[in-house]
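Dear colleague,

Please find below the structure for your records. My notes on it follow directly after.

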Amino acid sequence: MSSSPWYQTAIFYELYVRAFQDSNGDGHGDLRGVIERMDYLANLGIDCIWLLPTYPSPLVDDGYDIADYYNVHPDYGDLQDYRDLIEAAHARGIRVIADLVMNHTSDQHPWFQASRRRVEPFTDFYVWSDTDEKYSDARIIFLDTESSNWAWDELRGQYYWHRFYSQQPDLNFDNPAVQQEMLDIARFWLDMGLDGFRADAVPYLFEREGTNCENLPETHAYLKRLRAFVDAHYPQALLLCEANQWPEDVRAYFGGDPNDPAAPGDEFHMCFHFPVMPRLYMALRRGDRSPVVQIMERTPAIPPNCQWCTFLRNHDELTLEMVTEVERQWMWTQYAPEPRMRLNLGIRRRLAPLLDNDRRKIELMNSLLFTLPGAPILYYGDEIGMGDNIWLPDRMGVRTPMQWDDSANAGFSSANKTYAPVIDDPVFGYQRVNVAAQQADPDSLYHVIRRFITVYKAQPALALGELRFLEHPNPSLLGFERVYNDQRLLCLHNLSDSPIELSTPAAHDLLTGADLPPGSLTLPPYGHRWLALSAPDATRQRAQRTVR
Ligand code: GLC
């Protein structure tokens with residue numbers, strides 16, 4: 001694995017600092033708290049932490065509305081704590097990336113306040129207009145709260161453009177000063193030792209009349225400039241792209257030359273693969289592999305120095321933007337029967353509740369996360385099957401305190417009141433679902449995930465291998481090979497509640513350690529197997545479809 005760049009074989013962990021550990025008893029998780037829990041992360045085996053925004057912010061969008069790019073929100077600590085966190089992670093071989101929100105700031109940012117007053121050089125830092133009719137082909141993203149991408153500013157006497165909350169004015173990337181500011185901000189954090197960024201909401205940097213204002217050539221050109229800057233000064237740093245788009249559109253964010261598979265990418269090292277995510281849930285509920293097979297076949301090859309990043313859940317609603325209207329309605333019926341579970345074009349629930357808290361399904365979905373192409377990213381708490389609280393506002397229901405043990409506040413905080421209530425319902429409550437209990441129980445979900453991580457790291461084919469789907473008459477069998485050099489893995493998933501019989505060659509079961517003779521194998525309902533094939537060519541004739 002040593003020859004491939006670190007991020008191609010890494011396992012990521014998405015961490016919400018406010019939720020993780022409160023070190024000073026004020027009810028809010030903080031950077032010192034993360035440091036206190038660093039051994040937990042090292043033990044789990046993850047390679048890179050992604051920190052959700054920790055900048056000063058009025059928290060209208062929970063920190064994605066930044067009021068100062070060069071500091072830390074006082075709830076979380078200060079810059080020294082940030083440095084210490086990076087150092088504590090690095091000491092354990094863990095890297096740290098953080099959100100970089102380029103598209104917009106908070107309306108409380110001094111730039112915006114100055115821009116409202118036409119104070120130079122900030123007058124044109126934002127996208128101002130006398131009418132609210134420009135760029136009318138751009139969709140509204142926060143559909144439940146916003147009715148326009150324009151908001152009126154009384155002080156300036158003009159409208160300003162915003163793709164998210166109206167308290168998040170979009171920066172004007174046509175202004176060279178704005179472009180430079182973002183490079184300076186990147187430099188500041190990378191100089192501090194940060195290992196890269198999860199670049200937030202990048203498709204929307206530029207606006208052009210007559211377009212949907214997404215994925216514009218100007219946007220790509222600027223992102224390439226950011227990459228060139230990073231490469232020149234921080235060659236180990238990672239840029240991970242958040243573009244919730246179709247695979248062919250996301251492909252452009254890797255850069256390189258789409259006609260030359262050997263050409264290196266020169267934009268983002270990694271991009272989230274959004275469209276595969278809802279299709280995993282669709283395939284499971286339908287007992288039919290085709291949504292997953294189809295989207296992977298529709299996924300273009302990416303440059304050799306790049307990697308996809310895949311996930312099951314994150315801090316947002318489970319987005320249904322990249323499915324058809326019919327599929328979206330079906331997904332809502334299946335996975336969000338209560339209206340309160342729906343938000344914008346998605347579902348605000350966590351992994352375990354989505355999967356009926358059925359261990360077989362939770363393991364199956366995680367198994368797909370680890371065995372399909374793309375670097376897996378775990379969302380904090382999902383490794384122990386935490387629940388959610390759909391009654392909290394916005395997306396806060398999937399951002400509740402981490403459940404460490406069965407003591408008060410789940411061991412998260414000694415405060416009387418925490419920033420959000422700890423989950424304490426009879427099924428997902430911290431008394432039952434917590435790290436300590438699962439660490440003590442060798443059969444727990446935690447230990448299954450840990451095993452996945454260990455095996456993933458020992459099997460480069462899972463990170464780097466080609467994907468070849470198995471043809472099988474039973475549509476509920478989602479089987480594929482991952483092939484890398486002379487390594488050939490067979491990953492089997494049963495999407496149905498009936499056992500599936502299949503014949504397999506001699507193999508080594510990577511999860512149980514058992515050696516299997518050639519013969520028949522029964523995949524139990526919702527079962528999964530990771531098999532290393534000792535007879536390299538045995539399944540070749542059955543593996544007909546090659547992707548990537
Ligand atoms: C991204 C973030 C989301 C945030 C939005 C606006 O989609 O994941 O949490 O609200 O960008 O910054």
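Isoleucine 49 stands opposite valine 96 in β3. The strands concerned, β2 (residues 48-51) and β3 (residues 95-101), run parallel and are joined by 4 bridges; strands are DSSP runs of E with at least two residues, helices are runs of H or I with at least four, and both are numbered from the N terminus. Two strands count as paired if DSSP finds at least two bridges between them.

This is a predicted model, in which local features need pLDDT of at least 70 and side-chain atom pairs count only at pLDDT 80 or more, while totals for chains, interfaces and linings use all residues. Residues are numbered from 1 along each chain as its sequence is written, and side-chain values use heavy atoms, without hydrogens and water.

Strand β22 (residues 528-533) is largely enclosed by the rest of the structure, because 5 of its 6 residues are buried (under 20% relative accessible area, 1.4 Å probe, protein chains only). β22 runs antiparallel to β17 (residues 487-494), with 5 bridges, and arginine 529 in β22 is the bridge partner of leucine 492. Strand β19 (residues 507-509) is also antiparallel to β22, through 3 bridges; here alanine 507 has leucine 533 as its bridge partner.

Alanine 336 lies in the loop between α11 (325-335) and β12 (342-343). Its relative accessibility is 0%, so alanine 336 counts as buried. Its C-alpha is 8.4 Å from that of arginine 348, 12 residues away in sequence.

Yours sincerely

Technical notes. Buried means under 20% relative accessible area, exposed over 50%, partly exposed in between (1.4 Å probe, protein chains only).
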